[in-house]
Amino acid sequence: MAQQHLDPTKEPTVVPADAVAGYLRAQATEFLRALRTHRETGGGAAAGAEESTDAALALRRSARRISGTLHTFRPLLDTDWSESLRPELAWLAGTLGREHAYAARLDRLVAALNRLSGASPFPAQQAMPSRSAGGLPATGPAGGRSATAAAARPTTAVGTRPAANPDRGNLTVGAAKAGALLDRQLTLARTRAHSAALQALGSSRFHAVADNVAVLASEVPLTPAAPTADLRPLAAAAHDRLRDAVTGLPLRTAGHPYNAEALIQGLSADTAPHPQDAPWHQVRLLLRLHRYALEVLYPEAVPVDVRLLAAGEALNRHRDASEAASAAAAAARTPRIAPATAYALGVLHADQRHEVEASRYTFQQSWQKEAVNTS
């Protein structure tokens with residue numbers, strides 16, 4: 001059965017500007033609801049803290065959707081208003097997302113170290129860090145550090161596969177210290193991100209954003225020409241930008257499971273992001289904007305597009321592996337670390353770059369298959 005491919009240019013009926021106004025009002029309402037829940041549960045016990053965390057994530061989701069919609073449909077919106085609000089929403093979404101990203105990155109790297117060293121899976125942490133107002137880990141000593149470091153001790157699990165090469169011993173020795181080093185660095189980054197989020201949510205800058213969103217919940221400043229406009233061409237333009245960006249990707253290289261050039265920059269002294277990753281990250285952003293545009297066109301429910309789902313999952317894995325590889329490389333540049341630790345981090349970096357290539361390969365296979373089906 002052929003995959004369904006949503007193309008806004010093929011919609012049979014006109015989609016009026018009221019659709020984008022209704023979508024923005026709905027997202028603004030979700031933003032304000034999440035903000036109210038966040039404030040009400042900010043200082044509660046564990047259950048309240050979990051609810052507050054969910055509210056912070058809901059704030060981020062709404063902020064991203066409002067910002068993306070303002071970008072895609074900006075010709076129909078008051079220019080000064082939308083261009084001033086959009087970067088502020090992007091700032092808020094980025095600030096609220098960093099702590100979760102650091103926590104997920106640490107989990108990913110610890111799990112990879114386990115797999116690579118052949119050690120037993122690290123036991124789950126028994127006690128989570130306390131959470132303060134905002135649903136973010138409390139600033140203080142790293143709550144998960146001792147658990148992760150203890151779990152990183154090289155142990156032999158019942159039924160684990162024996163060492164397959166002479167380097168496995170060196171990797172096992174270095175994995176514990178590498179895990180502890182990553183835990184210290186990423187927990188510190190997570191704590192700082194937590195503090196930055198708390199400061200942001202209490203700042204006058206955030207209150208100005210919240211005030212603008214509150215106005216948006218009742219009134220969307222459209223241009224005089226908006227009432228007679230059709231949203232489909234603007235949504236189609238978002239689709240075309242995505243398609244053009246995918247066309248610019250090195251899909252021929254991605255058609256092979258391994259790309260040796262992706263490891264060249266590796267553990268060099270250059271700390272800049274990997275040059276091959278940027279266009280893929282851009283495609284991920286454009287795919288998200290395309291998805292938001294479809295949500296505007298289909299207010300009830302966006303029809304399932306298998307290609308979009310598979311592509312989005314592959315690009316999310318690509319982003320996660322790319323950032324994890326950068327974290328491993330940064331840890332390997334720590335002065336005066338033991339050779340075994342540096343070796344483990346180098347293997348970990350290479351493993352995550354292989355994950356990057358595997359994600360590109362998955363994306364390429366999905367996208368090329370759809371191109372054949374629709375040609």
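Let's start with helix α9 (residues 278-297): its 20 residues reach 29 Å from the first C-alpha to the last, close to the 28 Å expected at 1.5 Å a residue (the expected span is 1.5 Å times one less than the number of residues). Helices here are DSSP runs of H or I with at least four residues, strands are runs of E with at least two, and both are numbered from the N terminus. Helix α9 is mostly covered, with 14 of its 20 residues buried. Buried means under 20% relative accessible area, exposed means over 50%, and partly exposed is in between (1.4 Å probe, protein chains only).

A quick word on what you're looking at. This is a predicted model, where local features need pLDDT of at least 70 and side-chain atom pairs count only at pLDDT 80 or more, while totals for chains, interfaces and linings use all residues. Residues are numbered from 1 along each chain as its sequence is written, and side-chain values use heavy atoms, leaving out hydrogens and water.

Stepping back, the protein has eleven helices and two strands. Of its 375 residues, 46% are buried.

Now for the contacts. A salt bridge is a side-chain nitrogen of Lys or Arg within 4 Å of a carboxyl oxygen of Asp or Glu, and by this rule there are 15. Glu295 forms one with Arg65, the closest N and O atoms being 3.1 Å apart. That pair links distant parts of the chain, with Glu295 in helix α9 and Arg65 in helix α2, 230 residues apart. Both Glu295 and Arg65 are buried.

Arg105 and Glu323 also meet in a salt bridge, at 2.8 Å from N to O. Arg105 sits in helix α3 (residues 79-117) and Glu323 in helix α10, so this pair ties together parts that are 218 residues apart in sequence. Arg105 counts as buried because its relative accessibility is 14%, but Glu323 is partly exposed at 31%.

An α-helix has 3.6 residues a turn, so residues three or four places apart point the same way.

Finally, look at Arg336, in the loop between α10 and α11 (339-374). Arg336 has a positive phi of about 60 degrees although it is not a glycine. With a relative accessible area of 84%, Arg336 is exposed.
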